[in-house]
Amino acid sequence: MMDALAAPTVGVDTHCPYCALQCGMTVAPDGDHWTVTARDFPTNKGGLCRKGWTSAELLSAPDRLTTPLVRDRKGEKLRPASWDEALDRIADAFREIQLAHGRDAVGVFGGGGLTNEKAYLLGKFARVCLGTANIDYNGRFCMASAAAGGLRAFGLDRGLPFPLEDIPGAEAILIEGSNPAETMPPIMQYFEEQRRRGGKLIVVDPRKTPTARIADLHLSITPGTDAALANGLLHIAIRDGLIDRPFIEARTSGFEAARRIAASWWPDRAERVTGVPAHQLHQAAHILGKAATAIILSGRGPEQQSRGVDNVLAFINLALALGKVGRPHCGWGCLTGQGNGQGGREHGQKADQLPGYRKIDNPADRRDVAAVWDMAPDMLPGPGLSAVELSAALGGPVKGLLLMASNLVVSAPNANTVAAQLGKLDMLVVADFFLSETAALADVVLPITQWAEEEGTMTNLEGRVLLRRRVKPPPEGVRSDAAVLSGLAARLGTQSAIPAEPSVVAEEFRRASSGGPADYRGATWERIAEADGLFWPCPTTDHPGTPRLFLDRFATSDGRARFHPVDHHGPAEPTDAEFPMILTTGRLLVHYQSGAQTRRIASLTEAEPSPFVEIHPDTASAMKIGDGALARLTTRRGTAVMQARHSRDIRRDTLFVPFHWVGANLLTNAALDPVSRIPEFKVCSVRIEPSSATPAL
Ligand code: SF4
């Protein structure tokens, strides 16, 4: 490990701060700045995208926060303060709130960008130091439906249950609602190699994205009809004898109930509901069914819906019926988005979870974790509010909030309401390295370290645990998240619960995961660094890790995967005369998540400076909205004005808005999936009209 004060004179091998591909890069000093070089890591094989190439610019950003800020009264400006004053204020306020309103009146909100160790510490801080049940994180907005679907069908959730290197060997691949050519471009090497070897690629998306453009078959689906599409494909596969009966009998249960539902999704009906021509459904089912090996990959398109788990399960049903799971170069998986979206959901910052992917309402799991935390199991709080429900409780039953690594004002659905509720809190604490839109509303802002300023482990989309090395010391005045939690714990009388020394935290974290489904016990930093990462579960220090899950059995009680009888229900908010169009949201090539980081990089903001609405020219012409003209979008939640961008790549009934600026989530619907509690970002009804008002930024 690097000396605390030393700055390196040569490059350090580390990983990109952004998405779940976690590309390998080398960061080296260059005068007052830092340069990035791509390195040959198994996920990116020497490739990087524009976000990765420019990521080190933020290490010397002029608007970096380097001192705590406090607000003396609501309505007054933030002013600089010492660390002692800031931490004393937070501890005093949280103590007062909890005395008056109970433990759960203080909430904690984390992020999928936190390292495993930080996610673990944040969960422990909430449950042990604050004693609150109310902790959740922004991963709830991303992978929650895929996680819930994977758990129900396979008994275990690991985004990809196989390594990326299995992709080129698959004869057929279906990507459902994901656009990796823009969100994680280096991964396209795997799909390009698959196609070079003669494999077929099918992409399901309401837009002809750069990913869909290279596909053999693009299914331009009506947003919100994914379960209908999957059932339509299953119907054809059963009818045409493409399913794998021996696999179904030997390794699954529940097929008959799923078959009965698929029986009613004859191709004409599926075409009517999904908008995908029946002949294309036939083609897709036959490509997948006739291939010896096939992979189905899910993205946020089907998942971020009020029936997101059903959508996931419908595609898992298809994969199971075709016998394309639990074999090399086969499987169903989810293309995780956030850098540590996978690890972040395994180690205790989710409302219903304890470290090691244990369940907070399971007595044995509570006993295991309480033993590591040296407390009685009944002292551990139970399940708390999920992200959107926690947002709704702000200013009501929840009166104080500690927020780390998240920019809720931009990333939460129905963002107008969220901003208003944050304003009603008695104490809002935001730990961040820039004054994000959310930090600007806080009562106390804590300046914390960036990705390259401390060490920790991340778990990428494959379940590969990797070491993100420190490149440089943090600027003076900045503290690590662990030091922040440790300082608060000391003031709350629970100092021993939160060790500040990284190696002590890492050891305790591995011990806490030991014996759980996501077992990291054997993934020491030394082993990870030597082996280019280790796949969990890795229960002992001589265990090689587990790149491929489910080869012999699934992680259910009887070892069989489960079919689920899931039908199409449609979105929570169908179109009508007042709001006749469908709104969907997503990411762009040059920006990441809420844009709090990438919007600060000049070359990226030059490429995409502001939000826009993508609209089909025929629709735009009917609405008299020119290419580049301002358009007003209105939903039942709010209005946003932005430039119209004409494109023949989008369906005529659909509008697309990128979510890296405030505009998109002023419009989106917070309707929740009943199981995953994910909000319905991907489909709501909207009206569009010409506008001359000031655009949203
Ligand atoms: Fe790689 Fe993702 Fe970073 Fe791009 S943003 S360089 S794809 S990790």
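## Close-up views of a predicted model

**View A. Around the ligand, 8 nonpolar, 2 polar and 1 charged residues form the shell.** The model shown here and in the other views is predicted. The shell residues are C16, Y18, C19, Q22, C23, L48, C49, K51, G52, M184 and P186. Is C16 buried or exposed? C16 has a relative accessible area of 8%, which is under the 20% limit, so C16 counts as buried.

**View B. C334 and the cysteine sulfur closest to its own, in C142.** How many disulfides does a search of the whole structure find? The search finds 0. A disulfide is a covalent bond between the sulfur atoms of two cysteines.

**View C. T225, in the loop between β10 (217-219) and α8 (226-239).** T225 is buried, and its relative accessible area is 5%. What does the side chain of T225 reach? At 2.7 Å, the side chain reaches the backbone oxygen of T222. Apart from residues up to four places away in sequence, T225 touches V273, T274 and H568.

**View D. Helix α12, residues 278-290.** This helix has 13 residues. From the first C-alpha to the last, α12 reaches 18 Å, close to the 18 Å expected at 1.5 Å a residue. Which residues of α12 are buried? They are A278, Q280, L281, A284, A285, H286, I287, L288 and G289.

**View E. A370, in helix α16.** The relative accessibility of A370 is 0%, so this residue counts as buried. When neighbours within four places in sequence are left aside, the contacts of A370 are M375, A376, P377 and L380. L313 lies 57 residues from A370 along the chain, and the C-alpha atoms of these two residues are separated by 33 Å.

**View F. D374, in the loop between α16 (363-372) and α17 (387-393).** Is D374 buried or exposed? With a relative accessibility of 72%, over the 50% limit, D374 counts as exposed. The backbone angle phi of D374 is near 55 degrees, a positive value in a residue other than glycine. Most residues other than glycine have a negative phi.

**View G. Q593, in the loop between β23 (581-586) and α23 (602-607).** The phi angle of Q593 is positive, near 45 degrees, and the residue is not a glycine. Q593 is buried, with 17% relative accessible area, because this value is under 20%.

**View H. The peptide bond from W536 to P537.** This bond is cis, and its omega angle is near -5 degrees. Most peptide bonds are trans. Where does P537 lie? P537 is in the loop between β21 (534-535) and β22 (561-562).

**View I. A629, in the loop between α24 (617-623) and β25 (630-634).** A629 has a relative accessible area of 29%, which lies between the 20% and 50% limits, so the residue is partly exposed. Which residues are in contact with A629, leaving aside neighbours within four places in sequence? M642, Q643 and A644 are. R152 is 477 residues away along the chain, and its C-alpha atom is separated from that of A629 by 47 Å.

**View J. R648, in the loop between β26 (639-646) and β27 (654-658).** R648 is exposed, with a relative accessible area of 60%. Not counting residues up to four places away in sequence, R648 touches H616, P617 and D618. How many residues apart along the chain are R648 and I615? They are 33 residues apart, and their C-alpha atoms are separated by 7.9 Å.

Technical notes:
Residues numbered from 1 in each chain as written. Predicted model: local features only at pLDDT ≥ 70, side-chain atom pairs only at ≥ 80, totals over all residues. Heavy atoms only, no water. Near = heavy atom within 4 Å. Nonpolar A, V, L, I, M, F, W, Y, C, P; charged D, E, K, R; others polar. Disulfide = S-S within 2.5 Å. Buried < 20%, exposed > 50% of the residue type's maximum accessible area, 1.4 Å probe, protein only. Helix = DSSP H or I, 4+ residues; strand = E, 2+ residues; numbered from the N terminus. Polar contact = N/O pair within 3.5 Å; in protein donor to acceptor, adjacent residues only side chain to side chain. Contact = heavy atoms within 4.5 Å. Expected span 1.5 Å × (residues − 1).
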